[in-house]
Structures are given as structure tokens and as C-alpha cells.
There are 2 protein chains.
Amino acid sequence: MVAAPDGRVVVSTDLLIEGRHFRRDWSSGYDVGRKAAAQNLADVAAMGATPTSIVVGLGMPPDLSAEWLDALTDGFRDECALVGASVVGGDVTRCDLVVLGVTALGDLGGRAPVTRSGARPGDKVAVAGRLGFAAAGLALLGSGLAPERLPEGSPLLEAVAAHRRPRPPYAMGPAAALLGATAMLDVSDGLVQDVGHVAEASGVRVELDPEAFAVAEPVALAAEELGADPLEWILTGGEDHALAAAFPADAELPEEWRVVGRVVAGQGVVVGGRAVERGGWDHFR
Amino acid sequence: MVAAPDGRVVVSTDLLIEGRHFRRDWSSGYDVGRKAAAQNLADVAAMGATPTSIVVGLGMPPDLSAEWLDALTDGFRDECALVGASVVGGDVTRCDLVVLGVTALGDLGGRAPVTRSGARPGDKVAVAGRLGFAAAGLALLGSGLAPERLPEGSPLLEAVAAHRRPRPPYAMGPAAALLGATAMLDVSDGLVQDVGHVAEASGVRVELDPEAFAVAEPVALAAEELGADPLEWILTGGEDHALAAAFPADAELPEEWRVVGRVVAGQGVVVGGRAVERGGWDHFR
């Protein structure tokens, strides 16, 4: 039983499948627990709510080690603790793969929920949290990089860690609601694709300014290492669970928010003046 | 966003894996949706709450037909409609198997939640809903029976249908809370095993009287057909999602409840005077 003092509860659910959303050779059980919790907690925060609890359905092969399972549980607990939430229930079943069904609940504390459909022409678009980190880390791991051979303190390790454990800016969600956010979501599939959902739900066009993004050192270094374009990771990389929101033009945003675009009449997403085709950024390049 | 007028919300989650919890050649998409919803809605009802909403995480192979998917969705909707709940969110991802992560929420309407841990010596144990039907249906399907060759109106069809779509006595859950139920759960794994959870959580012994159970016609006929023991299905068959509860000895129970045992000091489950070993009924026989 979960307290729902507001009298309303927001809910987010996700299914994570081994091999698709995580690999046990790239991520520990603890990492998987942290990440699985984080993506649902971030989704709850993106509605302007404070996460209160998580329930977990776990499908597991019979040979999964007790250590891995304990670490997974610890990961869930520790990520929930960041926001004052807890794991309140679960279900375990046999499965050939590790499968996690995660559902997070949140409380609105009297605030109106922020949806994807409230962005209006004239709004500014801003982002809180990291972009491109997890994509850079995934690319590094995919290139065959052995993180344990990197020197301690290498910025590349920060990118790899970001793939394993996102760090969503949870507190920015309810704060954005109080700042008057008209639409919000967490960036799970890539900024361009995700603000496309806001554009569609709100019946507006979102214009992003590629010059507005900072390229953080781990992302820049990883791009240099792999001969990749850091802006592509920033614009299309998922799983960092940054928050992207539209705010009224006169909203005074704290420094955690970086304005990266604006809402205009029309439809779809425009990056640097060029429309992104249906099908996403990949097709656009 | 879900209304939680009580200010508390109860949550139930389950993971259903193709091949383990359902087979696409034995159950339609519609059946799977009905059953997946039912088992979580029943769990919510067993806490004395009224189900309000469901969220569904769906893992699906790329070749899953649109018809199957539509039927699944219809099944979820129709089962939820039985209790006035609705599907409020979801997540879809690729997976080699069909995997369903289902979470149901419920509202207590001011009642105290009924847990598994409140049964006290002197309580009577009662069951509402069907027992043994789904197990009989599963056994019939497993025997190679082709339901479409049975004559219309055959009671065996009712057993097969019970395997595909349980019919939990949802309304009996909140009603039991009002009648003073001290512990309750829905029978998902088999009555003996599930009341064992109540015995353990409550620190009591549950005595079941094998003479107290009615053997319904579909169960009796299926047992005759397959040379099986109907009482074994009734005592150990899961998935009918009957409600089993402990009530104070002086509680006046409506006819939907059948008294099948009592709570005494001690531990474990006793059937007809014989203790059920740890490991369950199968080991006992």
C-alpha cells in the first residue's frame, strides 16, 4: 500500500529485456537495477510528480546467481532512495532471459500534472540533465573498449558509467511544474525523437538550435576517439533521461535549464532550420 | 494520472511469459488480455480494494499480428470494465517472446487494507469463487483434447474456458473487508500453497476440511475423463483466482463464501488432519 496524499497518482511502466535494454556482460546487476529504476522514476518526475514507490516484476533464468539478484535489488533500492521512494512489491517468475517489468508511482503534491500536449507557440524549449553521455558510453563499449584498461579519472569512464547508470535530474521535474512548464518528458529515445512526441501531442513545431548545446568533455573525447559526431549523440542518443520541457517565454529558469529551442506554429521538429523527416534524425542526416 | 480518492493506493504487479503462463495456440490474444488483467485485478480485490486502473508493458516479437494485438487490448479493456477500471498507460518493446508486465492499482475507499498477516486462531477460513476449474481445463488441453470437437454445452468446455479466462469474484474482496476479514489473498498458485502464505505471514496453522469442498460438474467430469482426482485440482490448482480469507468465527458470511477450514495455533497447513510438508501438496500425496 502506497500513500497518495494528493488523491491522484501518476504511473509509469517499462519493460526491460536482456539483450535489448541491457547486457549482463556490460552491466552489473546493480547497474541494471539502478538504470531500470531510474528510467521509470524519471518518467514520473517528467510529469511534475514526486516518485513514491516502485513495483518490479522479474523474469529470471534458473541459473541467475544469488549475487546478481542481490545486486539488482540493491540497485533498485539505492536509485529509489535518491528520490525518497521505495520498492513496495514484486513478482518473480522463470524466464529464459532476464526480464524486468518496472512500474513507478508518483504523487503530484497538489500540482497539475505536466503532459506532452500543452506546448504553445512562443514557448521556449529547455533541457535539464545530460545529453549524449549514455550514447557515447554505449558506442565506446560497442567499439570493444575495455573500460578497466582506461586510466583512472579518464573522462571516457564517465561516458561508460552514464550508459550503465543514468543520472536523471529528478528534482527538476516537480520544479519545472512550479515554473509553469507547459509540456515535459524525459529523454529516453533521443531528444529529437522525444520532442517530436511533444510537437505531435501539442499540435506545434519545435525548433532546436544546434548551436545552443554544450558538448561536455566525455562526449567530445569519446567522439574524437571513435571519429563520431558528438552532436549526433546529443540530439539522438537516448537513455540519459534528461528532462526536456516547454516553458512560457517569460519564465525565469534556474541555471539547471539550458534553453535549446522554441515552439512555433506548425508541426514536426526542425533542427538548425532543416526539418527532420518522419522516421527520425537518422533519415535526416 | 489516476484518481486515488482514498489517499492511499494498493498495487499489484505480475509478469506473464509466453510458454510459461500462456500458449498462443491454446489461448487467443483476447483470452490472454482477459487473464493477464484478471490476475492483477483479483490481487487488488484481495487486499479489500477496488481496482481503478492498469498499466501494461508489452514485449512482442516483430511478427506478432495486428489482429492478435488488437484482441489483447480488447481483452484488457473488457476485463477492466468488469470492475470499472481502465488501461491508463503502457510501454511496448521488442522481444522474442510475448511478455506482459501488468500492474494494477486500487483504491481502498476508506477501508483498512486486508493483508496476509492478520489471521488469528479461532478464525474460520472461507473461499469465494471457483476452485479446480482452470486446472481441469489445463489438464484437458494438455491431454490433447480438441475443445472444438466437444458438443456445444459440454461442461468440459466450461473448464477449458476457465483456464483461458478466470472469473475472479472481484466484488467479494471489498465486501470481505467490510465483513471483517482478518487476512485474504487470491488463489493463484493453488489453495493449499496460498493459504500456506497466510499461515506463515500470520504465524498460525490453517486446517482445511477436504469434505467441505463442493466438486463442480465440470471439474468432476474432467476428472472422470482423465482418471484424475478432482480434489487435487481443487486443493492445488491455481489460476482460478478465487478469494480465500480468514474471518472472525462469528462473522456472518453471505452465501458466496464457503467455509472450508479454520485457523488454529501452530504453523503450516493441515488437510483432513494430515500436515502438508514444506514443498507443497504434491510431496504430501
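The same surface serves both, with 100% of the contact residues of chain B recurring in chain A, contact meaning heavy atoms within 4.5 Å.

A quick word on ground rules, everyone. This is a predicted model, where local features need pLDDT of at least 70 and side-chain atom pairs count only at pLDDT 80 or more, while totals for chains, interfaces and linings use all residues. Residues are numbered from 1 along each chain as its sequence is written, chains are lettered from A and ligands numbered from 1 in the order written, and side-chain values use heavy atoms, without hydrogens and water.

Now let's look inside chain A. Its domain assignment, automatic or from a database, gives domain 1 (9-107) and domain 2 (124-284). To the contact, domain 1 of chain A brings 19 residues and domain 2 of chain A brings 18.

And what holds our attention at that interface? Across it the rule finds 2 salt bridges, each a side-chain nitrogen of Lys or Arg within 4 Å of a carboxyl oxygen of Asp or Glu. The side chains of A:R165 and A:D31 form a salt bridge, at 2.7 Å from N to O.
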